[in-house]
Amino acid sequence: MDKILEGLISSNHSVPVKKAIVKKVVEAAEKEATEEQCQALYTLTARLILLGEDAFQKQVGFQVLEAYARYHRPEFERFFSKDFVLGLLQQGYGQLDRKDPAIVDYIHCCLRLLISCPSVLEIFSVIQVEVLRMVCERPEPALCARLSTMLSDFVQCIPRDKSAILFCQQLVRTISYFHCFASQERELREYVGQVNKVSALLQNIWKADPATLLPSLQEVFAIISSTDPSFDPSIALACLVQHIPLQMITVLIKSLTTDQNVKDASMTKALCRMIDWLSWPLAQHVDIWVIALLKGLAAVQKFTILIDVTLLKIELVFSRLWYPIVRQGALAVLSHMLLSFQHSPEAFHLVVPHVVHLVQSLRTDGLSTSKAFLLQFTELIHCMMYQYSGFPDLYDHILEAIKDLPKPGEEKIKLVLNQSAWTSQSNSFASGLLRQAGKSETGKTGLVNLGNTCYMNSIIQTLFMATDFRRHVLSLHLNGTNTLMKRLQLLFAFLAHTQRAAYAPRNFFEASRPPWFNAGSQQDCSEYLRFLLDRLHEEEKTLQVLESANPKAASPGVTASKDPGAQTSTKGSEESPLPPVETKPGNDSRTLIERMFGGRLSTGIRCMQCNSISKKEEPFTDLSLAFCPSATSQGGPQIEGPSEEPKGLCQGSVNGGSEVPEQGLVKPPASSVHFVPATNEPPLSVPDLVNYFLAPEILDEENAYFCEKCGSLQRAERTMKVVAAPEYLILTLLRFSYDAKCHVRRKILDNVTIPPLMRLPVHAPSSPRKSSSSVSSPLQVDSPESSENLAKKLKPSQQDEEEEEKERIDGVEEINRGGGMQVQSVPYVLSSVVMHSGISSESGHYYSYGRNINGADGTQHPANYFTLEEDLGNGQAEPSLSTCSALATPPEQRETLLNGGQEARDWLLFNDSRVTFTSFQSVQNITNRFPKDTAYVLIYRKQELTGQNITGGLTANGMRLSAEPPLQKELLDAITKDNKLYLQVRNRSLTLGPRLSRLPRPPAHSGPTGQMTMTHQGAVAPLVGEEEEGASIPSADWSSERERLEETQRRLALRVPVRCWTLIP
């Protein structure tokens, strides 16, 4: 019969004829047959099944085998012996390799035919041993799937007891070696099916023998935590997660996160690879396990791991949102990562560029689930933009894309943000781990946020963009000193010439931070600015006093050359203990701060009973502008005035600033004022607030004025006039008020129009000015405070202790005529704006806009270049010289200034490490687009009056430098050294990745509040700009250049190489 069958198969007959004859052969199986005939048929069928040339031959083999094995079972038992099975599994069959899946299929078929025979037990024992050996050889997915199918049908073939544990562990490891290189959907589906069969086998084993589960999971963790760079485990391991009981999550995660034997590098690898599992189709519960592990690491304060993994994998998680089959789990993980990573906006900003494209895709993909998913996604984005407000250049396109979608309320946003955070805003982490390789297209340098230091960064950038001030600072000869001005000069030099994308001003921060400012906490930028300017002013005054007391200490070469760009000095200047002083016009003894930012304010009080007038003058560096009473809601909080006017409410500064503004420089609301902006009109403008500040006010009732001439409290009128205009006019908008009903400080979110050009009324005296003061006036300047809390405004640089003469002038005519003063309209152009983003005085974010007013050629526009606005926007159709008003550029220049051209690109947005081009239109519309983002500190630069020098050059009596001064040798050396170090470190980061990644992490310790802080070598510290001023001012933390390089390499081991681990398919 075997000869007939063999001849038929190899004949040229048609397939129908062959099938008919095969049918006869199968029917003949019921008849008796000799042992020899049966063995011959079994051998033939084995050859047809295993070595058949086509599917027909294999099919014939299976049909004949099943028929004869059924009717001639004893003969088949003797043929399919354990030796025959062992030979198949160890040696294969003929030319067929032992690892071919066809062998497993053949054995599987034969086992079904022998299931009721006693001899099958011996075969089971053989297979138990052989399958363990086979999985240790890491079979391919196809063979492993066939083997799993056979073992699932015949559980007797699965190894027992200890061998079962080993088998499960090896099968898990085998899955980790699975890889699919197919690109066709059919092949991908087949691969996924094969993996699912293997995972189903493991699930059955775990259910039948629970003792095998924990060792299997331990093997999974050992695989995914491996730091071997040559081993890349397959994401197919994700198929196992759905089979792990969810009730084991708590125990397993706690065991992993508290195990002292698990190194941070291993845990980082494991978490990264688990996040990669989100890419596995149809994977269930992966997101649950990933989030559980993230929470577990946060519970044991493994923040370094969380930061590394979040920054590394956040973009991959976001990319999974494009695929409907895995997007729901990916969104859950993305939400947790973003909502927990609240110490820095960097993680969110990594995905911001992709948000608009995803929103557009979800709108158009036509899936029924996309609409609901889009609502969930946009809610998350709204929460993150609320948390990290202050980035208008990043969020504009997003707001436009989702403007028609529902926006969650503020209470819901706060609830969402408070659910998962493992750090708070007032933490010890340094944010902004910079990833840029070089400077932005602007050519400007950002400032690294050292931990809620955005208030300092924004102020530094505004001072840097004050062109004349920057150039004067850089032209000072301060070699050999360690003053605050020297540190500012070094900082300005680095901002101008470093090759870093962002610079970390650590030394300057420590030197300039007010003593009452807690490091790591949000502070008021206006208060910081006042303190900084006062420190610089007092420092220079002290040096002037020392020089005058010891003139021999400074040789003739000590004074700075009349050429501010001179880079050399005499030997005497290098040996002098005192720094040289910049050349000033004539006998001008004013400090640089006074010359750049100092103005003078005249305050007059007229008794309305006897018409006597008391006057005094005082210096100022900034004007604190309160909002007009009509600008606040009727039922809302009112503005608090100084102590002599307790009826009002206080407008304080932002984030820890003074609650009660300093007397004399803040305009409190009065019971009656002459200037009240019209209501129901366009938004208030900066000139409106200045006019309100300068407007006369009535002092009566509880605020009545004590008149010395009358000898009693009298109703009086107080007036304030600017009598000396500063080169740079600093205006602070008091946006925070105290709500007496709720006992909280609220932010006034009213939009304020910012004119690019405006004029300030300055009352110049017709005769030499005489300072006077009334000792009875409540506006008497307070005595200087202690060194722990310096005064917020400059003290006069001359005759500080001399009593001012008191004047009393009878007659109303004198004050109406301005006291014999001539009113000049001084033009100012907007230089920079510091924005506060947020709704709380204790939190938020600062960023700044800046414009480089003077180009390289020092070109300026004279005052007559501008025209007066015909309509001020608040009902003042006919402005006078005695009021502040906006100016307008000629029509042919307006479009260029606002929307395009080279001038538009002169506007820059400074947001910590980020520096981008923007336009003045963005500055003006910021509050309309982002209601929480409001102007807080503005700096205007005085323009040349007609007939004055407009060349911008420095003359003997000039205030302006025409170009950037050349760097002095000490500054040049420091910057050159740092640039070389930066380039060397950057090159090392590109070549030493794998080797550096295995270096140990520096130690971390917990702070007193339980939040993690890092040592100076901590992994949390930003890499870029870390060396900073140490290049010029040695620090005790660094003993040599070699140590600095080694420390930088250690940080690179934690930052750069980890990016090479990305497993994005």
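1. A residue counts as exposed when its relative accessible area is over 50%, and as buried when that value is under 20%. With that in hand, a friendly start on this predicted model is helix α13, residues 249-258. The exposed residues Thr250, Val251 and Lys254 sit on the face of α13 turned away from its buried side.

2. Which residues of α13 are buried? They are Ile249, Leu252, Ile253 and Thr257. These four span an arc of only 120° around the axis, so they lie on the same side of α13. As for what covers the buried residues of α13, the list includes α12 (213-224), α14 (264-276) and α15 (286-299).

3. Next, the nonpolar cores. The largest has 200 residues, and within it Phe80, Tyr106 and Leu111 touch the most other members. Helix α16 (residues 303-319) supplies the largest share of this core, with 11 residues. Another core, of 56 residues, lies apart from the largest one, and its members include Met465, Ala502, Tyr503 and Tyr728. For context, nonpolar side chains in soluble globular proteins tend to be buried together.

4. Now a helix pair for you to look at: α19 (residues 370-387) and α21 (residues 410-420) pack at an angle of about 85°, and their axes are 10 Å apart. Angles from 65 to 115 degrees count as roughly perpendicular, so α19 and α21 are roughly perpendicular to each other. On the α19 side the contact is made by Glu379, His382, Cys383, Tyr386 and Gln387, and on the α21 side by Glu410, Lys412, Ile413, Lys414, Val416 and Leu417. Sorted by class, the contact of α19 with α21 holds 5 nonpolar, 2 polar and 4 charged residues.

5. A second pair is α22 (residues 454-465) with α23 (residues 467-475), where the packing angle is about 85° and the axes are 5 Å apart. Helix α22 is therefore roughly perpendicular to α23. Leu463, Phe464 and Met465 of α22 meet Thr467, Phe469 and Arg470 of α23. The contact of α22 with α23 comprises 4 nonpolar residues, 1 polar and 1 charged.

Technical notes: Residues are numbered from 1 along each chain as its sequence is written. This is a predicted model: local features need pLDDT of at least 70, side-chain atom pairs count only at pLDDT 80 or more; totals for chains, interfaces and linings use all residues. Side-chain values use heavy atoms; hydrogens and water are left out. Axes are lines fitted to C-alpha atoms, for helices over the stretch in contact, and angles run from 0 to 180 degrees between N-to-C directions. Helices (H or I, at least four residues) and strands (E, at least two) are DSSP runs, numbered from the N terminus. Angles under 35 degrees count as roughly parallel, over 145 as roughly antiparallel, 65 to 115 as roughly perpendicular and the rest as oblique. Contact means heavy atoms within 4.5 Å. Ala, Val, Leu, Ile, Met, Phe, Trp, Tyr, Cys and Pro count as nonpolar, Asp, Glu, Lys and Arg as charged, and the others, Gly among them, as polar. A nonpolar core is a set of buried Ala, Val, Leu, Ile, Met, Phe, Trp, Tyr and Cys residues joined through side-chain atoms within 4.5 Å. Buried means under 20% relative accessible area, exposed over 50%, partly exposed in between (1.4 Å probe, protein chains only). The arc is that of the directions from the helix axis to the C-beta atoms.
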